[in-house]
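Here is a short briefing to read alongside your model. Take it one topic at a time, with the structure open beside you.

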Amino acid sequence: MLQQPSWRTIASLSHCSSRAFAAPLAASLRCRSQRMYSIHADASVGTSITDIDPSKLSVTKTANPKALLPPDELIFGRNFTDHMLSLEWTASEGWLPARITPYQNLSLDPATCVFHYAFECFEGMKAYKDKNGSIRLFRPDRNMARLNKSSARIALPTFDGDALTELIGKFVKLDERFIPDTRGYSLYLRPTIIGTQRTLGVGPPASALLYVIASPVGPYYRTGFKAVSLEATDYAVRAWPGGVGDKKLGANYAPCIVPQMQAASRGFHQNLWLFGEEEYVTEVGTMNLFAAIKNKQTGQPELLTAPLDGTILEGVTRDSVLGLARERLEPKGWKVDERKFTMKDLADAADEGRMMEVFGTGTAAIVSPVRRISWKGRLVECGLEENVEAGPVAQQMKDWMESIQYGDEDHPWSYKVPA
Ligand SMILES: Cc1ncc(COP(=O)(O)O)c(C=O)c1O
């Protein structure tokens, strides 16, 4: 009972290789072609085991409320609110009652599996205060779905996303005084799941901890947009077909720091991840990437981003920009396309006067305009005049997104936390 559901996960992960042994060529070819896409791992917990029940929440308030920092002194991820939300899970009992407690250290045995085999996944999302003082989350269902996918892939438990959203709402409400009510400010939320079994044995963890901490943050661009310069990384890859680059696992992030530092040592703000001999453009740092170029044959403006082929993180901002572009730019003559494109496609567009703009997308900045990309010893200019920091599409997307996030525009993507 205890290990059974987890072994189901292992079985589903090894599905391709065992099939390839059993039925020679056809199955092996089928597996190989399917490997372009990431596996869909089962949850490591059976549905009969207790799921999250928000009605069982207990709250212990802090006796020492923290002083609020002046908004202009907030640094991303450095300061945290008074409380944290946590839920323990065991393979035999499922999710135990949620607790909101004062923000505090974790106490874990040095042999805990998270420290040895990277049983960790997380999310990044924000809570915003609207002009009426209500708190809003932006598309929390998307973060919950992605966290479930990440967790299942590393044999950690899944959960009811609506139930966790409800609990996050209660947690954010309790710490709402930390959300500055100025436009551009928000509360960054970090839901995290770790394997907590004390063992050096490599296997599915029989216990886990889900916790959420919150950090007040200021606008990414305090004094307006600042376009960044990128270095295309050709000596390392972030993700590969059949890998886990489309999951938000902590293990995906540490190996990205050295290429980022090397780009920085040569004067670039970020590195651009390419993939394969074709040098497909995938992501920029920890953001998805969009390019607006004119079609070579027709001159039609196209907004391009890499497809979700298993090597790209399914960004909530990416999906939102795509949705808004399809709804609001396509009627104006744009083509919006999720397709593979190469660094050479971008360089050709720049050389032929077809480059319009390039920008990254992510929860932290919403959009991050790109000025130029260093590639094969040359600089590919990305359509911005020297004194201009953002193209019109990037600017428009930031305005549309903020208007929804801060509740100025009534939109189904904005989730109002119950008062
Ligand atoms: C690798 C990577 N790509 C893209 C994104 C953007 O995702 P989102 O728009 O959900 O913040 C992130 C940020 O979480 C990321 O870490």
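The expected span of a helix is 1.5 Å times one less than its number of residues. Helices (H or I, at least four residues) and strands (E, at least two) are DSSP runs, numbered from the N terminus. With that rule, helix H10 (residues 392-405) has 14 residues and should span 20 Å at 1.5 Å a residue, which agrees with the 20 Å between its end C-alpha atoms.

Two notes on reading the rest. Residue numbers start from 1 along each chain, as its sequence is written. The model is predicted, so local features need pLDDT of at least 70 and side-chain atom pairs count only at pLDDT 80 or more, while totals for chains, interfaces and linings use all residues.

**The chain as a whole**

- The protein chain has 10 helices and 19 strands.
- Of its 419 residues, 41% count as buried; a residue is buried if 20 or more other C-beta atoms lie within 10 Å of its own, exposed if 12 or fewer, and partly exposed in between, with C-beta atoms placed from the backbone.
- Two residues are in contact if their C-beta atoms, placed from the backbone, lie within 7 Å.
- Among contacts in the protein chain with a separation of 6 or more, 73% join residues 24 or more positions apart.

**Helix H10**

- The buried residues of H10 are Val-393, Ala-394, Met-397, Lys-398, Met-401, Ile-404 and Gln-405.
- They cover an arc of only 135° around the axis, so they sit on the same side of H10; the arc is that of the directions from the helix axis to the C-beta atoms.
- An α-helix has 3.6 residues a turn, so residues three or four places apart point the same way.
- On the other side of H10, Pro-392 and Asp-399 are exposed.
- Gly-407 follows H10 and has a positive phi, near 75°.

- H5 is mostly covered, with 10 of its 14 residues buried.
- Among the buried residues of H5 are Pro-140, Arg-146, Leu-147, Ser-150 and Arg-153.
- Most residues other than glycine have a negative phi, and most peptide bonds are trans.
- Arg-139 is not a glycine, yet has a positive phi of about 45°; Arg-139 is in the loop between strand E7 (135-138) and H5.
- Arg-139 counts as buried because it has 22 C-beta neighbours inside 10 Å.
- Just after H5, Ala-155 takes a positive phi of about 60°.

**Lys-248**

- UniProt, in an unreviewed entry, lists Lys-248 for "modified residue: N6-(pyridoxal phosphate)lysine"; UniProt positions are given in the numbering used here, feature names are shortened, and annotations may be inferred rather than shown by experiment.
- Lys-248 is in the loop between strand E10 (228-233) and helix H7 (257-265).
- Is Lys-248 buried or exposed? With 24 C-beta neighbours inside 10 Å, Lys-248 counts as buried.
- Leaving aside neighbours within four places in sequence, the contacts of Lys-248 are Cys-121, Phe-122, Glu-123, Arg-146, Ser-150 and Leu-313.

**Around the ligand**

- The ligand is surrounded by 13 residues, and the closest are Thr-286, Leu-313, Gly-315, Thr-317 and Thr-363; a residue is near a molecule or strand if its C-beta atom, placed from the backbone, lies within 6 Å of it.
- Strand E13 (287-294), helix H8 (316-329) and strand E16 (355-362) each give two or more residues to this shell.
- H8 provides the largest share of the shell, 3 residues.
- By class, the shell has 3 nonpolar, 8 polar and 2 charged residues; Ala, Val, Leu, Ile, Met, Phe, Trp, Tyr, Cys and Pro count as nonpolar, Asp, Glu, Lys and Arg as charged, and the others, Gly among them, as polar.

**The loop with Leu-69 and Thr-81**

- Leu-69 lies in the loop between strand E1 (58-59) and strand E2 (83-90), and Thr-81 is placed in the loop between E1 and E2.
- Leu-69 is partly exposed, with 15 other C-beta atoms within 10 Å, whereas Thr-81 has 24 C-beta neighbours inside 10 Å and counts as buried.
- Not counting residues up to four places away in sequence, Thr-81 touches Tyr-103, Asp-175, Phe-178 and Ala-214.
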